[in-house]
Amino acid sequence: MYPPGIHALGGILASDSGTALTAWARWSPIAFGVLAVLGMFVLGQRLGGPVAGLTAALLTAIIPEHIFRTELYFPTALDLALLPAYLLAFVMATDEASEKPQRIGGMVLFGLLTPALAFTHPWAVPLFLVPAAIYLALGVVRAGGGFRVAIDRLVPGATMVVVAFAFALSSRWDHTESGFATFFDHLGPLSLLSRLTLSGPALFPIFLAVLALAAAAAVIVAALVASVKLPRLVRIGLGSACALAGPAMIKTLVAPPPSGVNYRNMLGLVAIWLVLAGVALAFIRPTAIGQMGIAMGAVLLPLTAIDIFSSPFWPQRTVAYLTIAVALLGASVSNEGTSSARLG
């Protein structure tokens, strides 16, 4: 019932290299961890400059939960190696400041990594596509420039998100512990979708159409907001209110956190203090790296604090993905504030 990705990868690479499968299972997660650290450096450098990249890499290397998840032969370790590159590909493909070859390269890399993640850990795809879409929308809203300009900037990224999201859903829809249909059973009115029993190829165009309609509505709303230029003090006030309301709401809804979730032990005090500073700076001095960290934290933190899917392991496992947001927000404190990294 589990996605075949990491097992297929291990079977191929271990046998082709002449490595014993037991040795591969022991040492490959550490290699995935090293790739994750390097990937976070490249992603942090792209979003915030060399110092921010080094800070993101350092935090990734010392966050306890990241270390733990890259010492186990679980798909999560491979996810943590691939996801920084996945986010980087999206950033490259949607950055209007990038040259055309670089944007095309980002789209190609994004297209290659989507099925790789989908066949390894398919729920990681929507889990990171939603923050990526929020990141793009925030950048467009802050940049302004009018309704038409915003539409032109949002459509390519929205198209990438819709196609990849639909692919992930249709590739793993079955009613199993790892199937999306099982997750939808816990989502109220959306549980109606879980009754679909078509094959993956038949489900893909259905999900594509539904997600395209939702994305079109979101793009129009974001473009309308982008066409209205709010004073800087108003934006700071609204952002600060959101920053305070999020943790307050989670604290009200959940006390204590789900079983197995301990932020102090899993993230470390150094990272937590840097995150708090990064959240404040994300609204006072907007930057691309802070924007990505905020978008990811807004999606992932509630999933670690609230057991939406009635699962004994989902909240604690999502903390491993949250470490990427933690590293980016912590690194945003050291962001150089260069013109390429700063936002409006």
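**Before starting.** I'm working with a predicted model, where local features need pLDDT of at least 70, side-chain atom pairs count only at pLDDT 80 or more, and totals for chains, interfaces and linings use all residues. Residues are numbered from 1 along each chain as its sequence is written, and side-chain values use heavy atoms, with hydrogens and water left out.

**The core.** I looked up the largest nonpolar core and found 86 residues in it. Such a core is a set of buried Ala, Val, Leu, Ile, Met, Phe, Trp, Tyr and Cys residues joined through side-chain atoms within 4.5 Å. Buried means under 20% relative accessible area, exposed over 50%, partly exposed in between (1.4 Å probe, protein chains only). Y86, F128, M296, Y321 and I324 have the most contacts inside this core. Helix α5 (residues 75–94) gives the most, 14 residues; helices here are DSSP runs of H or I, at least four residues, numbered from the N terminus.

I then checked F128: leaving out residues up to four places away in sequence, F128 touches L83, L87, M296, L300, Y321 and I324. Contact means heavy atoms within 4.5 Å.

**T70.** Next I went to the loop between α4 (64–69) and α5, where T70 is found. Is T70 buried or exposed? T70 is buried, with a relative accessible area of 9%. With residues up to four places away in sequence not counted, T70 touches P29, I30, G33, A77 and L80.

**W27.** Last, I looked at helix α2 (residues 21–48), which holds W27. W27 counts as exposed because its relative accessibility is 52%.

Technical notes
Helix = DSSP H or I, 4+ residues; strand = E, 2+ residues; numbered from the N terminus.
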